[in-house]
Amino acid sequence: MNILWETVTSSFASFIHAVRPEHLTKTVRYRSKRMILDSIGVGLMGSTTPVFDIALQYCRLYSSVAVSSVYGRPGMKLSPTLAAFTNGVATHSMDFDDTWHPATHPSGAVLPALLAASQMLPPSTKPNGLDFLLAFNVGLEVQGRDFHWLTWLFHAHTCTFPLRFHPPSVVGTMGSAAATAKLLSLSMTQCAHALGIAASLAGAPMANAATQAKPLHIGNATRLGFEAALLAARGMEANPVILDDIPGCSGFSAFYSVYQPKPLSTPSDHHEFLLEKQDIAFKRFPAHLGMHWVVDAALSVRNLFINYAGSFSPSLIRTIVLKIPVSKYINRPFPSSEHQARHSFQFNACTALLDGEVGLSSFTESSIHRQELRELLDKVVVEHPEDNVANFDKMYGEVALLLHSGDVLTGKCDTFYGHWRKPLSRESLLKKFRSNASHVLPEEKVETIITMVDNLENMSDSSQLACSL
Amino acid sequence: MLAKTVTGNFANVIHGLNANHLTDQVIQRSKRMILDTLGVGLLGTSTEVYHKVKQYSKIYSSDISSTIWGHLDFRLPPLYAAFVNGVAVHSMDFDDTWHPATHPSGAVLPAVIALSEAFPQKKKISGLDLLLAFNVGIEVQGRLLRFSNEARNIPKRFHPPTVVGTIGSAAACAKLLALDRVKCKNALAIAASYAGAPLANAATQTKPLHIGNAAKHGLEAACLASQDLQGNKQILDMESGMGAFYTDYSPQSLPTLQSYAWLLDQQDVAIKRFPAHLGTHWVADAASAVRRKLVESSDNLLPLDKIEKVIVKVPEVKYVNRPNPNSEHEARHSFQFVACSALLDGSMSVQSFASENIQRPALRELLCKTQLQHPADNKPSFESLYCEVTVVLQDGNTISDRCDTFYGHWRKPLKKEDLEKKFQSNASEVLPAEATEGIIETVYNLEKVKDCSILSKFLSGQSARALSEKLRLL
């Protein structure tokens with residue numbers, strides 16, 4: 001029986017409050033555990049970055065109630081929301097974290113808050129692994145729903161990459177509030193207020209993407225959503241219809257140009273999580289998701305070229321044509337920082353051509369500025385075919401090498417390996433995790449985390465996961 | 001040094017402004033703002049919303065600490081002190097308002113005061129340092145508001161203090177920290193990623209957090225910048241930067257430092273006489289005048305039962321149009337409530353919003369007879385709006401009055417005595433007389449105070465007599 005909700009906001013609050021572990025299907029459990037593992041690995045890797053260092057030093061000033069673990073710093077603890085902040089920054093520091101459709105980075109906005117919160121709760125009320133997994137999925141679901149209200153508006157020609165606000169800072173904050181509200185077992189009213197308070201903490205402009213400040217977007221999403229839940233738990237009240245359309249006075253609609261919210265169905269007997277229908281993309285190297293298409297296309301044309309010429313000889317190339325969707329913030333002919341390089345079609349294509357792969361070391365200072373690479377970048381022109389939509393479900397990447405000889409070699413990629421249409425195999429996912437985690441943790445710890453996440457729904461005390469980081 | 005971008009220009013100005021640039025009028029006006037904001041904040045420590053954030057923030061105590069206004073019993077790290085004190089300032093909607101519309105002081109003062117206490121012992125922050133940083137924070141807000149035509153009117157989408165207030169706080173703290181130009185730029189950029197809260201939380205208990213968070217996040221942005229965190233160097237220039245918060249956005253460079261033209265010189269703030277949305281101040285003055293006329297013509301009694309209708313002509317502002325407010329937050333954002341309250345009592349005060357008064361039958365009855373009208377010539381802008389209140393009696397007679405400029409508006413600023421009276425009335429709820437006198441004294445002479453930590457000591461209610469002897473000026 002479906003109860004008609006008066007408001008969209010109350011339908012969300014009710015969902016968060018009423019959904020149970022039984023509602024998680026096998027697919028959803030499987031997919032979300034993969035996300036958790038990848039997110040932890042990426043976060044551990046991220047704890048080696050300068051931006052993480054700055055965030056950590058800053059947070060240590062306030063470490064009095066230090067109960068929550070910090071990625072890559074065994075023994076160090078911070079207060080819960082600041083631990084969430086720091087770990088969130090780590091997760092997004094290299095743009096290596098998962099991406100969903102519609103576009104956002106869902107896990108980094110939710111997992112750090114849950115890990116920190118699990119360590120905050122007293123021993124008698126520690127959430128078990130299944131509670132944890134459920135809360136994680138609540139956080140994903142709310143993010144996806146906040147975004148799906150726009151899906152029916154997506155036409156082939158509509159640019160759907162964000163233009164104004166960076167999505168994790170908008171929906172991510174709400175997802176974190178929902179997830180922590182769930183973990184903390186807030187009442188339905190408190191869940192609604194958590195969402196309302198979180199809305200006032202959401203929203204960061206796109207312009208800080210491709211800068212060192214971008215990782216803060218995920219850090220703050222997970223931290224401030226958590227804060228919203230903590231405030232709601234203490235009785236703070238906000239607008240009870242924050243997700244609804246309020247003419248003349250914007251609620252959550254403030255962040256959208258077109259806003260058509262829809263209520264969530266009550267999970268009375270069967271709730272279909274979005275993750276069931278729409279899987280996630282995992283990145284194979286630390287750069288914006290769009291780069292993965294051009295890299296796979298570049299690798300394929302590189303192989304053709306090597307067959308043609310015997311080896312990779314840049315001097316034979318006159319022009320490199322990239323066929324990419326229109327998106328200003330990832331179109332950078334000559335990136336000068338690692339953050340810019342991670343957001344540059346041109347850079348990633350040329351790196352793939354030159355090296356035959358793109359990995360962590362592709363984004364170091366010396367790699368970014370090497371002469372051979374700059375020479376290749378000089379040869380690049382970009383084209384924006386009309387059928388190449390700026391949308392992670394529909395876009396493609398094409399790299400054409402126009403040789404001095406007149407010959408043309410082309411490589412095209414519709415679906416890169418790691419995309420939800422071609423998901424990473426278990427081996428590949430574990431390989432990525434081990435490679436990341438072993439940068440900061442010894443082998444036994446790395447394997448322990450893998451085992452814990454694999455068996456998450458059987459853990460009796462989920463804070464053990466956070467303690468193991 | 002000519003900057004090629006608006007962002008760079010802002011950083012240059014924030015970095016380059018010094019005490020010599022402050023004009024007499026700017027000093028005078030900003031000190032009034034500081035005094036009013038402190039009083040409003042002290043009073044705000046008695047509110048429920050304040051109590052909740054205080055409890056919440058206590059989980060974050062640490063070694064470095066700043067004063068919590070009105071409290072001797074505990075301190076908090078600067079970030080959370082800024083947050084809590086900021087919430088206090090806006091908790092009752094009693095703080096100052098500017099044109100274009102925002103609440104400038106609450107986003108800045110708590111942050112700079114908290115920060116001033118966080119410096120190592122040897123480094124003393126003078127009153128003049130504080131005053132300059134404060135004004136930098138105000139100025140930046142005013143300039144940002146002028147980048148969009150949308151900002152001239154009462155807001156609909158984002159609550160302005162959360163947009164410009166956060167940047168203002170970052171600028172003020174960057175100034176106090178004496179950050180170099182590059183770091184000033186980064187402080188602005190980082191702050192932008194914290195800015196922006198939707199208007200829908202106005203008239204709820206969450207609204208005060210908007211000012212608290214603006215102060216706190218601006219401070220955080222400046223601190224992260226001082227540790228060399230970098231953001232987009234063109235954050236103020238880009239549509240996908242600060243432009244994200246507006247539908248029309250045209251950033252402009254600031255005037256030359258040669259003889260800096262402060263906005264506060266050209267445009268003063270409005271100081272509220274009672275704790276409610278600024279738009280209701282016109283309503284209160286008009287309604288009070290109508291009541292006087294009514295009473296005069298009826299043997300000095302208010303003929304309540306003879307009132308048929310109350311018509312209130314105001315601009316169209318959806319979030320202040322509440323025919324039936326139930327909470328104090330809603331009542332503070334209700335044209336109708338203030339009209340009826342002022343008609344009943346003759347004037348508005350802090351007490352008007354106590355729950356007994358919100359719920360009293362005479363008021364509810366009058367509310368049922370009240371309607372709003374939105375004349376086409378009544379624009380939703382604090383510069384030009386007016387209010388006309390008309391009471392229609394059963395015998396057909398009507399009594400009207402119109403208010404174009406309420407007392408406290410920048411066109412009719414509060415006199416010194418009345419500003420002080422408001423401060424005393426507020427501050428004495430939580431501080432002893434010596435402390436309130438000490439604050440007035442200190443703020444009035446702020447530019448001469450050698451060590452502004454004295455202000456914080458008074459704010460915490462410390463043994464004021466001993467301190468006033470220590471208060472050395474010049």
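Modeller: Gladly! The end C-alpha atoms of residues 274-446 of chain B lie 26 Å apart, and the span is 40% helix and 14% strand, where helices (H or I, at least four residues) and strands (E, at least two) are DSSP runs numbered from the N terminus. This is a predicted model, with local features needing pLDDT of at least 70 and side-chain atom pairs pLDDT 80 or more, while totals for chains, interfaces and linings use all residues. Residues are numbered from 1 along each chain as its sequence is written, chains are lettered from A in the order written, and side-chain values use heavy atoms, without hydrogens and water.

Colleague: Why are α8(B) and α9(B) called oblique to each other?

Modeller: Their axes, lines fitted to C-alpha atoms over the stretch in contact, with angles from 0 to 180 degrees between N-to-C directions, cross at roughly 135° and come within 8 Å. Under 35 degrees counts as roughly parallel, over 145 as roughly antiparallel, 65 to 115 as roughly perpendicular and the rest as oblique, so α8(B) and α9(B) are oblique.

Colleague: Which strands of chain A stand at the edges of the sheet, and why?

Modeller: The open sheet of 4 strands runs β4-β3-β5-β6 (chain A), with mixed pairing. β4 (380-383) and β6 (408-413) each have a single partner strand, so one side of each lacks a neighbour in the sheet.

Colleague: What makes β5 and β6(A) a pair?

Modeller: Pairing takes at least two bridges found by DSSP, and β5 (residues 397-403) of chain A and β6(A) have 6, in the antiparallel sense. One of the bridges joins A:L401 to A:L409 in β6(A).
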